[in-house]
Structures are given as C-alpha cells and as structure tokens.
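Let's take a walk through this structure together. Have the viewer open and follow along.

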Amino acid sequence: MSLLTDTIVVAISQIAFFAAGWLFFFRQLYRNYDVRNRIVTLSFALTFALSCTMFELIIFEILAFLQPASRYLHWRIGLYCMLFLLVFFIPFYIAYLLLNTIKIVRDFRLVLCFTLIAWCFYLYIFWKLGNPFPISNRHEFFSIEQCISRVGIIGVTAMAILSGFGAVNCPYTYMAYFIKPVTDKDISDAQKRLKQVMEIVATKKKRVAYIEHENSLKTTFNSSFSSMNNKWNFLRRTLNSSFMSPSTNNLSYNLSTIKQDIVTYEEISSQLYTDLVDLQAIQQRIEYSKTFQGKYFHVLGHFFSLYCVWKIFISFINIVFNRVGKVDPVTRGIELTVHYFNMQFDVQFWSQYVSFTLIGIIVVTSIRGLLITLTKFFYVISSSRSSNVIVLCLAQLMGMYFISCILLIRMNMPAQYRQIISQVLGDLQFNFYHRWFDCIFLLSALFSIGILYLHYRSSQQSISLYDKNVQK
Amino acid sequence: MGTNGDIPTLVVLVLGDSSVGKTSFVHMVCHDQPLSTPPPVTVGCHIEIKLYERRDRHHNPNLYFIEFHDVGGSVQHKNSRSSMFYDEFNGIILVSDLTSHQSYDNLKEWLYEVIRYRSRQKLPTEFTPDVLQNFDIPILLVHTKLDESNGVSLLDNSKSPNVMNNNHTSSSSSLLPNFNRKSVLANLFNCDEIFINCYSNKRFSVDTPNVTKLNSFFEKMIKKASVEPVEQLPQFEWFTSENHYIH
C-alpha cells in the first residue's frame with residue numbers, strides 16, 4: 001500500500017516537472033523558433049522531467065521521505081527511461097531529421113534505412129568511447145554500468161567545459177566593468193564612429209553604382225551605333241578606343257580598388273557594431289546594478305568570482321598533488337567546527353539538514369544555470385532550418401549533464417547517503433570521474449582565458465583600424 | 001533626402017527575422033542576379049545601393065540612389081538596433097519567410113518596434129492597428145523562399161472582393177501571387193506584397209509583376225520625400241530597363 005502512495009507522489013511530481021519543462025520550452029525557446037514537431041518538444045520535456053525526478057529522489061533520500069524500497073524502484077525506472085531516451089531514441093530521431101533535411105533521398109523507407117545505419121554507427125562510436133577509460137570492473141556487455149559510464153563521461157566533459165568557461169567568464173565580466181566603467185560619451189562616440197564608417201561605405205557603393213551605370217550606358221551607346229554606316233563606325237570606334245582605353249582602364253582600376261576598400265570598410269563596420277553592442281550591454285548591466293535587486297546580485301557576483309578563482313586553484317592542486325577528496329564538505333565543516341570551536345551538537349541531525357540545503361542549492365543552481373546557458377546558446381546558433389536538430393541536441397546534452405551531475409554530487413553527500421547512488425548506478429569508479437572533471441575543467445578554463453584575451457585584443461584592434469583608415 | 005553630387009538619395013529600411021532572406025533579396029534587387037551561396041548572418045547593418053532611373057517620355061531620366069539598410073535580425077541586438085538605424089529613412093520593406101509562419105507573424109512586431117522608437121509618446125507593448133494611423137511612411141511586404149513554400153497560403157480569404165470567391169476551396173491551398181488578393185498584413189498596412197524566390201536563375205528585371213510593385217513603392221517614397229509637381233508622374237508602370245536610352 002505504501003508503495004502505491006509513494007508511486008502516486010512521485011508521479012504527481014513528475015507531471016509537475018514535465019509541465020515545467022514544456023512551459024520553459026514554449027516560453028523561452030518558442031519565440032525565436034517555429035516548431036510544429038510534437039516529438040521534439042515531447043522528448044525535451046520528458047528528459048527534463050526525468051532529470052528533475054532523479055534530483056528529487058536524492059533529496060528524498062537525504063530527508064528519508066519515502067520508503068527505501070520504493071525509492072530504489074523509482075530510481076531504476078527513471079534511470080532506465082533516461083538511458084533509453086539518451087542512448088536510443090534521441091540519436092535515432094536526430095539522424096532521421098538530419099537525413100530528411102539533406103534531401104538526398106525522397107523515399108521514406110530509404111530514409112529509414114539510412115537512419116538505422118547511421119544509428120548503428122553512432123552506437124558503435126558510443127561503445128568505443130568508453131574503452132580507453134578505466135571505468136568499470138565488470139566486463140559484461142549491455143549492462144547498465146557500461147551505458148551509464150559512457151554517458152557519464154560525455155556528461156562530465158560537457159559539465160567541465162561549461163563550468164570552466166563560466167568560472168573564467170564571471171570574474172572577467174565583473175572585472176571589466178569594475179575597472180573601466182562605460183559612460184554615455186563612450187557609447188555616443190562608438191555610435192558616431194559606426195555612422196561615419198557606414199556613410200563611407202554608402203558613398204563608395206554609390207560611386208561604384210554610378211560608374212557601372214555609366215559603363216553600361218557607354219556600351220549601349222556604342223552598340224546602338226554599330227548599325228550605322230561602316231566607315232563612320234570604323235572611324236568612331238578607333239577614335240573611341242584610342243581616347244577611351246586609358247580612361248576605361250583607369251576606371252576599371254579605380255573600380256577594383258574601390259571594391260577592395262568597400263570590403264575593408266564593411267569589416268570595420270561589423271566589428272564596430274559588435275563593440276557597440278558589448279558597450280551597451282555593459283551599460284545596461286551598470287544601470288541594473290544601481291537598483292536594489294541589482295546591488296544584491298552585484299555583491300553576490302563578487303563572492304561568486306572569488307569562488308570561481310578558488311575552484312580553479314583547487315582543481316589545479318588536485319591534479320598536481322594527485323588527490324581526490326574523500327570527505328564531503330558538510331562533514332568536514334562539521335568536523336572543523338567541532339574541532340576548533342569545541343561545540344558539541346547532534347552531528348547526525350545537523351548533517352542531514354545542512355547537506356539537504358547544500359544539495360538543494362547545488363541542484364537548483366545547476367538546473368537554472370544550465371537552462372539559461374542553453375537558451376543563450378540556442379539564440380546564438382539557431383536558424384530556421386536546423387532548429388529541430390538543435391533542440392534535440394540540447395535535450396541530449398541536458399540529459400547527459402544531469403546524469404553526470406548525479407555522479408559528481410555523490411562527493412558532496414555524507415557517506416550514509418551515498419549508498420543509494422552507488423547501489424543504483426552500479427559499480428563505477430567514481431574517483432575517476434572527479435579526476436576527469438578536474439582535468440577538463442582546468443583545460444577549459446585555460447582555453448576560455450585564451451578566447452577572452454583574443455576577444456579583448458580584437459576589440460582594441462578594431463579601434464586602431466578605424467583610426468588608421470578613417471582619420472587619415 | 002540626402003544628395004550625393006546632384007543625385008538625391010532615399011533610404012529604405014529592410015527589416016525581418018533572422019535568416020528570412022533580406023540580404024539575398026537586397027542583393028537580387030541591386031545587382032539583378034542572385035548570390036552564389038547564402039550569405040552569412042548579417043551583423044549590424046549591411047548597405048546596398050541601387051541606381052533607380054525614372055523615365056518619362058519627354059524629359060531626361062531622373063536618377064535616384066536607393067540606399068537599402070539591411071538590418072540584421074537577431075534577437076540579441078534589439079536594443080542597439082533602434083538608436084542606430086531607425087533615425088532616418090524614407091520607406092520600409094518588411095521581409096518574411098514563406099516556410100515559417102512565425103516570421104510572418106513577427107512582421108507586426110518589427111513595424112511596431114520602429115513606430116515605438118519614432119513616436120515620442122509611450123506606446124503600449126502590444127500592437128494595435130490604430131498606431132498605424134499616424135504612420136504614413138511607405139511600406140512593402142516581401143515574402144521569400146517561394147520555391148520551398150509548398151503551397152502555403154497567406155491570403156486573407158475573408159476580405160477579398162474578388163469574384164473568385166466561390167473557388168476558394170479549390171484554390172485556397174495553392175499559392176496565388178495574384179494582384180487582387182492580399183494577405184492580412186498587406187490589407188492592414190494597405191501596401192503591396194511581393195512573392196519571390198531570391199535564388200532563381202531568372203534576372204530580377206524580367207520579373208515584371210514584382211518589378212512593377214517595387215517601382216511603385218519607389219515612386220511612393222519619391223513623391224512623399226520631395227515636393228515635385230504631380231504632372232511629372234503619370235499613372236502607369238515604370239520599367240527599370242537600363243538599355244532604352246533612345247526612344
């Protein structure tokens with residue numbers, strides 16, 4: 001009986017998550033994306049619902065909310081469904097959509113055949129992916145551990161790349177408008193520069209159009225006279241050619257230099273425009289930070305920047321000194337307080353609530369952060385042709401991200417709660433995942449530092465290019 | 001109207017969602033041939049110039065520079081667009097994609113963005129048709145990707161005064177770029193619309209119905225922007241043929 005009530009509770013929460021995923025999809029992504037494909041939204045919302053259910057089960061585990069047996073059952077059901085979606089269904093549908101849009105074959109059955117072939121190829125690569133890594137001790141095929149280990153690798157890699165980029169980007173943005181605040185004069189200067197370059201481009205293009213118009217008039221003028229008397233025509237043509245050839249050569253030479261100039265100025269104008277957009281974004285952020293809510297986030301942002309820098313440092317230490325944390329921060333914090341402040345309190349009781357809060361915060365912020373990143377990413381790379389495929393790829397990424405989140409969250413939980421994760425996910429080498437996360441995190445942070453530096457350099461360069469070309 | 005030497009310039013804003021084909025359309029109109037590959041996403045504003053010749057039978061041709069400001073349509077740049085590009089223009093071309101109904105629905109929002117920027121009062125955030133009363137700048141609607149549209153119809157079946165009303169059921173599923181039937185937005189804005197495939201191999205100047213509509217749009221802009229006496233504008237079509245110099 002209790003199993004039934006537990007199932008009902010979980011089912012209700014799953015429906016709530018499903019509705020939330022559907023709403024997110026339609027609110028955030030639909031505005032820029034014309035989707036008529038029910039299956040795409042369905043798989044996205046389903047992936048989201050299953051991921052949130054798994055997080056919810058972790059929280060229930062800490063709170064000891066439902067029966068352990070029913071928790072375990074729901075874990076396994078959720079995991080199987082998730083794996084089915086991530087490994088089988090979504091890649092199949094992505095291959096099907098890609099082959100449909102390429103339009104090589106029109107016959108439906110042939111497309112299905114090619115999709116199956118592509119999907120088998122994908123499964124083969126997916127399998128081979130796990131071989132170089134020391135993931136699992138078991139050597140059976142098609143077991144849950146094998147699938148999860150491979151999904152975990154991809155997810156952990158994605159997570160580390162995103163975290164690395166975020167950890168570098170956050171201090172950079174706070175530093176940028178802390179050090180160099182943007183004034184109205186900067187923005188109006190940037191606008192004037194852009195307008196000036198646009199006028200130059202327009203003037204040059206008008207010149208080109210006028211010259212081409214004159215050329216076409218001359219050729220029709222000449223050709224209309226070709227029907228006249230031969231000897232007059234002969235005389236006229238020799239005179240024309242002897243007088244016009246230096247000027248037409250001159251004109252065509254001018255034309256090609258003007259066209260070359262136009263290309264240069266168009267590049268300058270697009271670079272100036274992106275700089276202007278960046279400046280306006282910074283100014284908007286400054287204005288937002290003057291409001292009350294903005295001040296709160298501003299202060300939080302500084303703390304978060306410090307945390308990011310600390311995290312990069314710690315991952316570097318972890319790799320260099322080859323250590324993987326065994327104890328979660330909650331227990332360590334409690335041990336420290338007991339040790340240094342000599343406070344005796346009920347460790348069991350407090351550790352449960354503190355770890356619940358910590359895990360809850362981690363879960364909520366990672367879901368929110370991922371959804372925001374997905375939205376931004378989607379706006380940047382979406383186009384009307386391939387939106388369906390992009391949404392499915394994002395759903396796949398989200399599913400893998402959440403599974404690896406669960407793998408890594410294990411480290412943040414006290415030992416007595418880790419049991420269910422180890423039990424459900426099987427016998428994986430969890431330490432390996434942490435080490436892999438640290439490596440990729442560090443690599444991605446270094447890479448992002450390089451990219452941001454190049455971005456900064458190119459914006460400096462565009463201003464110098466403008467000065468060189470326009471102010472002469 | 002700005003002048004360059006002695007040839008006046010008219011500015012046309014080309015607006016629409018991202019990837020509907022604005023840059024391809026503008027290139028087709030100005031250079032009379034399609035681009036070889038689809039262009040990259042426009043960042044900022046891409047400028048193209050067309051030298052427009054007006055002819056009347058007895059005088060010399062009038063030349064005008066038509067400057068197309070092809071504004072990139074991505075959502076992120078919404079705030080920077082208005083103050084930069086919406087300041088001066090003589091006409092607006094709204095471009096939508098026949099394969100995406102969303103881009104057609106968003107045309108109202110694009111026009112509203114421009115109206116809101118230009119009007120000094122505070123306007124509500126939802127588009128209502130009465131804001132168009134004070135807006136008298138010439139508009140043209142362009143629908144691209146005609147070859148891929150597969151018979152989608154944008155036509156406003158309820159308002160058509162056509163005698164072909166009884167043939168609606170058979171013809172409403174086919175695309176009819178018919179002069180007498182217009183889509184909802186074209187009726188709302190009271191303007192013309194062009195259906196075009198920007199990558200067809202035909203030159204644009206031989207596509208007579210579309211050229212006619214485009215030229216009448218240019219004429220409307222010229223009439224509004226200058227104070228020319230009306231007798232220089234007889235009411236029949238102008239052809240932009242560069243090669244009829246001598247009658």
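What follows goes from the overall make-up of one chain to a few spots in both chains.

Keep in mind that this is a predicted model. Start with chain B, which has six helices and seven strands. Going along the sequence, those elements come in the order β-β-α-β-β-α-β-α-β-α-α-β-α. Chain B has 247 residues, and 52% of them are buried. Its accessible surface is about 12,200 Å², with 50% of that belonging to carbon and sulfur atoms. As for contacts in chain B with a separation of 6 or more, 69% link residues 24 or more positions apart.

Now zoom in on strand S4 of chain B, residues 62–71, where you'll find Glu67(B). Is Glu67(B) buried or exposed? Its relative accessible area is 9%, so it counts as buried, the cut-off being under 20%. Who sits around it? Setting aside neighbours within four places in sequence, the contacts of Glu67(B) include Thr9(B), Leu10(B), Val11(B) and Val12(B), along with Ile47(B), Glu48(B) and Ile49(B). Chain A joins in too, through Ala202(A) and Lys206(A).

Next, the cysteines. Cys52(A) is buried, at 5% relative accessibility, and Cys30(B) is buried as well, at 16%.

Over in chain A, have a look at helix H2, which covers residues 38–63. From first C-alpha to last, this 26-residue helix reaches 37 Å, close to the 38 Å expected at 1.5 Å a residue. H2(A) is mostly covered, too, with 21 of its 26 residues buried. Just after H2(A) comes Ala64(A), which takes a positive phi of about 55 degrees.

Finish on the surface of chain A. Tyr288(A), Tyr296(A), Phe297(A) and Leu300(A) form a nonpolar patch there, and together they have about 400 Å² of accessible area. Which helix gives the most to this patch? That's H8 of chain A, residues 292–321, with three residues. A bit of helix geometry is handy at this point: an α-helix has 3.6 residues a turn, so residues three or four places apart point the same way.

Notes: Residues numbered from 1 in each chain as written. Chains lettered and ligands numbered in written order. Predicted model: local features only at pLDDT ≥ 70, side-chain atom pairs only at ≥ 80, totals over all residues. Heavy atoms only, no water. Helix = DSSP H or I, 4+ residues; strand = E, 2+ residues; numbered from the N terminus. Buried < 20%, exposed > 50% of the residue type's maximum accessible area, 1.4 Å probe, protein only. Contact = heavy atoms within 4.5 Å. Areas by Shrake-Rupley, 256 points an atom, 1.4 Å probe, with all protein chains shown as cover. Expected span 1.5 Å × (residues − 1). Patch = residues over 30% accessible without salt bridge, like charges linked within 9 Å, V, L, I, M, F, W, Y side chains within 5 Å. Salt bridge = Lys/Arg side-chain N within 4 Å of Asp/Glu carboxyl O.
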